[in-house]
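Subject: Structure handover

Hello,

Here is the structure I promised to pass on. Please open it first, then read my notes below.

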Amino acid sequence: MTAKVAIVMGSASDWPTMQEASNILEQLGVEHHVEVVSAHRTPDKMFDFAAQAVDNGLEVIIAGAGGAAHLPGMIASKTRLPVLGVPVQSRALSGQDSLLSIVQMPKGIAVGTLAIGTAGAFNAGLLAAQILSNHDPKLAAAIDTFRSEQTQKILNAPDPRVSEGSN
């Protein structure tokens, strides 16, 4: 595997959320691996994935899960790599169940927990890129450009009543 970032999720239905992490990684030119790895339906696959992550060249894992949301914590329990947990918005409790499951890790097993839903997934991808940028000047420059463009977009259209295209 040549990717340094993996995006994993508990089921294919999590992809519309987790795709946001993939989108920002693509925008920044970060090669990444995407796979469904369920903590409950494919536990052996999950443990193998986590145990082999370092040997496979990964440096950051983004794990999205809804409901019981055990995937990020279980992966973190089997690897030394940083794991960024994304709570996927659930129907039952609107993602609050996922958030609490991911954020309430026991002392000694760390999972960086992001916001519920697509904003959290996007920021997980951005944070993964920021982690990698500590040792990648080209990626650091891409992040600096992204942030400058984000700032300029707001500065170019400070009045929300006027569309950006008319300035």
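This is a predicted model. Start with strand β3, residues 60-65. The strand is mostly covered: six of its six residues are buried.

Now look at the directions. Val 60, Ile 62 and Gly 64 point one way from β3. Ile 61, Ala 63 and Ala 65 point the other way. In a regular strand, side chains alternate between the two faces of the sheet. Both sets in β3 are buried.

Next, the neighbours of β3. Strand β1 (residues 5-9) runs parallel to β3, and five bridges join the two. Strand β4 (residues 83-87) also pairs with β3 in the parallel sense, over five bridges. Find Ile 62 in β3. Ile 62 is the bridge partner of Ile 7. In β4, the partner of Ile 62 is Leu 84.

Last, the aromatic rings. The structure holds one aromatic pair. Phe 122 and Phe 146 form this pair. The pair is tilted, with 6.2 Å centre to centre and 40° between the planes. The two residues are 24 apart and link distant parts of the chain. Phe 122 sits in helix α5 (residues 118-133), Phe 146 in helix α6 (residues 137-156).

Phe 122 is at 22% relative accessibility, so it counts as partly exposed. The cut-off for buried is under 20%.

Best wishes

Technical notes: Residues numbered from 1 in each chain as written. Predicted model: local features only at pLDDT ≥ 70, side-chain atom pairs only at ≥ 80, totals over all residues. Heavy atoms only, no water. Buried < 20%, exposed > 50% of the residue type's maximum accessible area, 1.4 Å probe, protein only. Helix = DSSP H or I, 4+ residues; strand = E, 2+ residues; numbered from the N terminus. Pairing = 2+ DSSP bridges. Phe/Tyr/Trp six-rings, centres within 6.5 Å; stacked < 30°, edge-to-face > 60°.
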